[in-house]
Amino acid sequence: MAALRLPTQLVTRGTLNHHNSSPSSATAASSGRLSWRRSLTPENSIPLFPSSSSSSLNRERSIVVPVTCSAAAVNLAPGTPVRPTSILVVGATGTLGRQIVRRALDEGYDVRCLVRPRPAPADFLRDWGATVVNADLSKPETIPATLVGIHTVIDCATGRPEEPIKTVDWEGKVALIQCAKAMGIQKYVFYSIHNCDKHPEVPLMEIKYCTEKFLQESGLNHITIRLCGFMQGLIGQYAVPILEEKSVWGTDAPTRIAYMDTQDIARLTLIALRNEKINGKLLTFAGPRAWTTQEVITLCERLAGQDANVTTVPVSVLRVTRQITRFFQWTNDVADRLAFSEVLSSDTVFSVPMTETNSLLGVDQKDMVTLEKYLQDYFSNILKKLKGLKAQSKQSDIYF
């Protein structure tokens with residue numbers, strides 16, 4: 001098959017100069033960081049579908065992203081209309097992705113889900129009415145086929161804990177954006193992290209910020225949404241351990257996070273998708289109130305009706321552990337994630353006023369789920385089920 005190329009392609013260089021405007025290529029290559037800067041030299045293009053004589057995909061640590069797609073696909077020929085309701089959700093099995101899928105289906109969208117090949121198929125997505133296609137952002141050649149007939153891409157994907165952060169969150173995202181641009185995708189929604197522009201020392205946040213810039217410079221019609229935290233993540237972190245009388249891990253830092261229900265995030269995302277005035281904007285979604293770790297634990301204790309076994313990890317321990325793991329190549333990814341934990345454990349507030357965003361989207365803050373309501377519903381349902389199980393157990397004991 002002949003190689004498809006994008007003459008004005010977006011090829012990442014080996015640097016990510018978070019704040020520098022125009023680094024030299026020598027400095028860029030030596031720094032080992034990422035860059036969203038565009039390279040417009042056709043001779044640097046790499047075939048997306050290599051012919052038999054093509055070289056293998058570049059996997060060097062310098063992160064030259066090995067994807068270029070056809071420019072011809074940018075201007076779709078007449079007679080190949082794409083329905084505005086056709087959506088591809090990337091990362092559809094994740095905490096946020098599945099809520100996006102469910103909400104979009106409820107609102108009448110035709111939803112296609114990009115998921116990695118996996119031993120346990122994502123049958124629940126098909127049961128809901130979505131179409132599931134297999135692809136892997138770490139294998140760019142698998143991406144283009146998933147974009148055929150798609151109007152909008154909603155990117156909820158993130159790397160797995162055991163993977164290097166750059167594999168999916170940088171290399172994979174750049175490949176996806178390149179393919180989306182080349183194949184004429186009409187809109188791209190990207191989820192980022194609040195305050196990512198303020199922490200270039202944290203690999204994940206640096207990558208998110210540079211992906212924002214890469215998307216902006218790609219020329220794609222896009223919306224970037226920065227998030228503070230998910231309420232759903234608190235269930236496994238605090239609620240379940242408290243119910244199971246296991247240790248709850250926390251820090252001694254006064255960090256405050258405005259957690260948000262992923263169902264609310266999905267609802268606001270689809271509202272933003274239909275609002276043409278929001279195209280190209282950067283939005284930040286935050287919950288009604290910012291909470292410290294201790295406040296969340298206290299709330300869970302009250303709703304569960306029992307005390308938590310809290311193990312506090314000083315922030316200084318996180319810093320020392322991060323420095324130690326930096327010494328070894330095989331623990332670099334651990335150090336990268338500890339850097340993010342360190343930010344979350346600092347004296348930082350992950351929250352923004354939502355007044356302007358709510359006004360722009362035409363939503364009422366009163367309709368947002370509060371953390372108290374979310375956890376109250378969870379504990380009520382769980383405790384009710386536990387009581388039911390205990391009652392069945394007693395009846396069984398009497399019967400036998």
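## Cysteines without a bond

The sulfur of Cys210 lies 8.8 Å from the closest cysteine sulfur, which belongs to Cys196, and that is too far for a bond. A disulfide here is a pair of cysteine sulfur atoms within 2.5 Å, and by this rule the count is zero. Cys210 is buried at 0% relative accessibility, and Cys300 is likewise buried, with a relative accessible area of 0%. Buried means under 20% relative accessible area, exposed over 50%, and partly exposed in between (1.4 Å probe, protein chains only).

Please keep in mind that this is a predicted model, where local features need pLDDT of at least 70, side-chain atom pairs count only at pLDDT 80 or more, and totals for chains, interfaces and linings use all residues. Residues are numbered from 1 along each chain as its sequence is written, and side-chain values use heavy atoms, with hydrogens and water left out.

## The protein as a whole

The protein has 12 helices and 11 strands; these are DSSP runs numbered from the N terminus, with helices being H or I of at least four residues and strands E of at least two. Of its 400 residues, 50% count as buried. Contact means heavy atoms within 4.5 Å, and among contacts with a separation of 6 or more, 76% join residues 24 or more positions apart.

## Helices α4 and α5

Helix α4 (residues 165-182) packs with helix α5 (residues 203-218) at an angle of about 10°, and their axes are 10 Å apart. The two are therefore roughly parallel to each other. For reference, axes are lines fitted to C-alpha atoms, for helices over the stretch in contact, and angles run from 0 to 180 degrees between N-to-C directions. Angles under 35 degrees count as roughly parallel, over 145 as roughly antiparallel, 65 to 115 as roughly perpendicular, and the rest as oblique.

On the α4 side, the residues in contact include Ile165, Trp170, Val174 and Ile177, while those of α5 include Leu204, Ile207, Cys210 and Phe214. The residues of this contact divide into nine nonpolar, three polar and five charged. In that division, Ala, Val, Leu, Ile, Met, Phe, Trp, Tyr, Cys and Pro are nonpolar, Asp, Glu, Lys and Arg are charged, and the others, Gly among them, are polar.

## Arg226 and its surroundings

Arg226 sits in strand β6 (residues 222-227) and counts as buried at 8% relative accessibility. Its side chain makes a polar contact with the side chain of Glu212 at 2.8 Å. A polar contact is a pair of N or O atoms within 3.5 Å; within protein, one must be able to donate a hydrogen and the other to accept it, and residues adjacent in sequence count only if both atoms are side-chain atoms.

Leaving aside neighbours within four places in sequence, Arg226 is in contact with residues including Asn195, Cys196, Tyr209 and Phe285. Asn195 is found in the loop between β5 (187-193) and α5, and is buried, with a relative accessible area of 8%.

## Two positive phi values

Most residues other than glycine have a negative phi. Asn195 has a positive phi, near 70°, and Glu245 has one near 55°.

Glu245 lies in the loop between α6 and β7 (247-251) and counts as exposed at 67% relative accessibility. In helix α6 (residues 233-243), the buried residues include Leu234, Ile235 and Tyr238.
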